[in-house]
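Biologist: Could you walk me through this model? I would like to go from single residues up to the chains.

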Amino acid sequence: MSVRGFDPKAQAGKVPPPRRRVEVLVVGGGPAGAAAALEARAGGAQVLLIDENPVSAGLMGLDVPHYWGGRYTTAVHTRARMLEHVFSANPALEAAVEAGVEVELAVSCWGAWVPGYGLASLPHPIAGLADEERAWTVGFDRLILATGARDVVLSFKGWDQPGVMGARALQALLTTYDAFAGRRLAILGSGPPAMAVARLALARGLEVAALIEVRGTVQGPSADHEALTAAGVEFLTGRVPTVAVGGADGVERLEVRDPATGARRVVDCDTVVQAIGLTPVVELLDVLGGALAMQPALGGYAPVSPGGTRTSLAEVFVAGDVAGIPGASEGTVAYQQAWMRALMATSEPEVVVCQCEEVSREALLAVRQPTYLGEPSPSLAARDLGRLLEDGPANQDQIKRLTRAGMGPCQGRRCREQVALMLACASNQTADHIPLASYRAPVRPLPLSVLAAWDEAPAMSAHWDVWFGITSQWIPYADVGTERESFEAGVLGGEAPL
Amino acid sequence: MSAPSRTGAQVLVIGAGVTGLSAAWWLARSGVDVLVLDKGLVGWEASGRNGGGASHYQSPLFHEEQRLWPLMDDLLGYSTEYRRERVIFATTEHHLAHYRQIARQCRDLGYQVDDLDPAQVREFVTLAGDNVLGGIHLLRFGGQANPQRTVQAYAWALQDLGGRILQHTPAVRILAAGGRVTGVETPRGVFGCDQLVVAAGPQGERLLAQVGVRLPLAPARAEMIVTEPAPLMPVGGADGNGMYGRQTLRGNLAYGGGPHEWMDVDETGPQTRPSTPLLRNLARRVAELLPKAAHLRVIRSWAGVVENTPDGRPVIDRLDDPGNLTVATMSSVGFGLSPATGHAIRDLVLDGRCSFADLAKLSIKRFEGLPDDWREAKGWRPTTHAQALEAMAEQE
């Protein structure tokens, strides 16, 4: 006899409580994550700290989590050596281990959930973790996101070849991985992040050919400007990169142009480092349903975080760059948009914006259907972004669905921010008018076989159904209300493919 | 009917999901002045977040669904990514027996279905493995489309015919007087109409209650996962193993199925809750169904909030009171049927009866006398893990 008020086909009762629970889970073992873990441990909590470094070579090839640009040595394939480097490059990790924090390297967090609206069935807050071989879940009482920041990268001709990379990626390859494969750099940007990465590169014995700045003046502190100039670094202000020219091994030189005069200049380099801006890595908070808002002074879309550590979710906290990029200001996103505007004015419309789905800027702004659908119909050809905007404000998720920009295996890391900036430029608005394109679990692109729950709960297997398991839904219409109804109900059960 | 007015329309449609948009498009094709109101973007809820399947042999609209889909790209003027054919295949005897029953039902309706042996399945579904026991092949019918592209195609095709859509304009109240709907109140003002169509998904119940109409609905979330692209298989519409889904024309594998989560939805509609840990159970079943795809990376997931009626069947009904009100809910199975549903709604609005199918069993009247606590009785309310364990213990 069935119990009143229970649907055996619903999710409740099928997601078991996590076998393992920790009081505090810290995602990200950088300075902020390690400090947060130490603090929690000092307060007596049981703490698990995970860090995804060293990232597998497969994910690096997809530019996860940074825009690596393929400029790493073969050392990244040597897992043991990489693990050693990652650990020894970060003394805070050793301190955490000594203090009794459990530290797991090469483990990523691809999703996290807390019980609440739409998820009443979840027995406990849980995070999804994975290494190269398998995925698992761990329960937590408190989750501290110390996921850091990611480079905002922009497109120009040749940006999709090896050697064009982000500043954060360069920093990681130099300091954490010791696996950078370039020698001579051109750096885009002249603000504090560009200055910092230039100083780091020089300290590591690399050549820095030039810093290229779209605005008329150097953006960073004058002391840094002078010191770098003294070290032989050239500052090219009022210039836009027009093309990165390269060969089989990637970039060989960068051509820049003065948009005012049209004067061209060629910078010899094997690496172009995009140091235009950083954005907080908020993907897990978005999956959790935590509040995010465009806050240029924090570097872009950042957690709504009263006091800088709390989030809109009681169980979830933020620490470090994810809570706000140090040195960001109210003008930070406007500066990125100035870069985008200049690149749009000087580069050809065929420039690829979304590398995974091969969407050009022209196709994006025309809201053109993807090339696998062939030539657009006359009706579609008559439509573009301008006409779409007549129906309502620009929405990146909508444009993503139509053009596929941001729909590829890199999960939009390479083009998310620049698509938003392009939509802002094309609709004559500031970037805060473009809603954040949603992040979806898994926020790391994991193979089916890795992500799979091979050990699912018996209740899940026993009651799994294609759809809701409502038998009456699938009775052939002609049989409804006839004597055949019970026969069909008997042979079908609730199951029917949709 | 009155002359077109910018502050109203001959026919107002509440809800720019596939059902509302298709209805509006069909009405516009008949020269009717139509205005669609939506709380958000076109097709933003479950209409754009589903498996895209188009073979609903249980429905009275099935023949019209099958007739229309191959024509839709041309009729709309935009691509829907519709592709015909479907292979449903099994890796367990239980599923195989079940699929054979589906084949029988389709043959009873006059459609050709072939039984496939394992080798034939692998010929059509090249990512399938050695675990295949057999399958069925829906020939020259069935198939799938891209929900996201299709909803936008409806919206654009409607605009091309002069129809209007107001996004970000929620219907707050249905206004009625003298047994007739007179208009709809929104934050942008009141829009008058001669006829109203309510195709508002989970929000329909609350809206209709304002005019004394009871449409019993229970909202729930269902979710899917998507992999990176694989080379195209000879038949992309290939599913089974307790899942619905397809290989898209781009090559991605998109599959859903498994347990749903009952929800409560207020006037503003569902809040975002795109996925849950269920994506791991889906990943497992895709890897079992298509072992040669097990290495593919899962790159996103999505969920749609759908509504179900107590018997899981649609309501498509022109009411007696108010007499100028047509109500539609597809009870969680709306996307694939939408070309036919829109046609049926057009007929009900303009002619008072559907020209191509008997819809008598989809009348709202069948729920008269339904107890107020029907959702509690079925357990179709948000349920916690602890409550579920208690109920399961009682069952044993």
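Biologist: In which loop of chain B does S331(B) lie?

Modeller: A word on the ground rules comes before that: this is a predicted model, in which local features need pLDDT of at least 70, side-chain atom pairs count only at pLDDT 80 or more, and totals for chains, interfaces and linings use all residues. Residues are numbered from 1 along each chain as its sequence is written, while chains are lettered from A and ligands numbered from 1 in the order in which they are written. Helices (H or I, at least four residues) and strands (E, at least two) are DSSP runs, numbered from the N terminus. On that numbering, S331(B) lies in the loop between β17 and α9 (338-351) of chain B.

Biologist: Is S331(B) buried or exposed?

Modeller: The backbone at S331(B) has a positive phi of about 50°, although this residue is not a glycine. A residue is buried if 20 or more other C-beta atoms lie within 10 Å of its own, exposed if 12 or fewer, and partly exposed in between, with C-beta atoms placed from the backbone. S331(B) has 21 C-beta neighbours inside 10 Å, so it counts as buried.

Biologist: Which residue does a cis peptide bond join to D321(B)?

Modeller: Omega is about -5° at this bond.

Biologist: What is omega for the peptide bond from A441(A) to P442(A)?

Modeller: P442(A) sits in the loop between α14 (416-426) and β22 of chain A. The bond from A441(A) to P442(A) is cis. Omega there is near -5°.

Biologist: How many residues of chain B and of chain A does the contact take?

Modeller: Two residues are in contact if their C-beta atoms, placed from the backbone, lie within 7 Å. Elements giving two or more residues to the chain B side include α4 (93-108), α6 (147-160) and β15 (297-308) of chain B. That side divides into 35 nonpolar, 35 polar and 18 charged residues, where Ala, Val, Leu, Ile, Met, Phe, Trp, Tyr, Cys and Pro count as nonpolar, Asp, Glu, Lys and Arg as charged, and the others, Gly among them, as polar. The contact takes 88 residues from chain B and 77 from chain A.

Biologist: How far apart do the C-alpha centres of domain 1 and domain 2 of chain B lie?

Modeller: Domain bounds come from an automatic or database domain assignment, and for chain B that gives domain 1 (8-79 + 146-215 + 311-367) and domain 2 (86-140 + 219-308). Here 20 residues of domain 1 of chain B are in contact with 25 residues of domain 2 of chain B. The touching side of domain 1 of chain B has four nonpolar, twelve polar and four charged residues. The distance between the two C-alpha centres is 27 Å.

Biologist: In what order do the three strands of the open sheet in chain A run?

Modeller: The edge strands are β12 (240-247) and β14 (264-268) of chain A, each pairing on one side only. Five bridges join β13 (residues 250-257) of chain A to β14(A), and V256(A) stands opposite R265(A). The pairing is antiparallel, and the order is β12-β13-β14.

Biologist: Which residue in β10(A) is the bridge partner of L188(A)?

Modeller: Strand β9 (residues 184-188) of chain A has four of its five residues buried. β9(A) pairs in the parallel sense with β10 (residues 207-213) of chain A over five bridges. The partner of L188(A) is I212(A).

Note on methods: Pairing = 2+ DSSP bridges.
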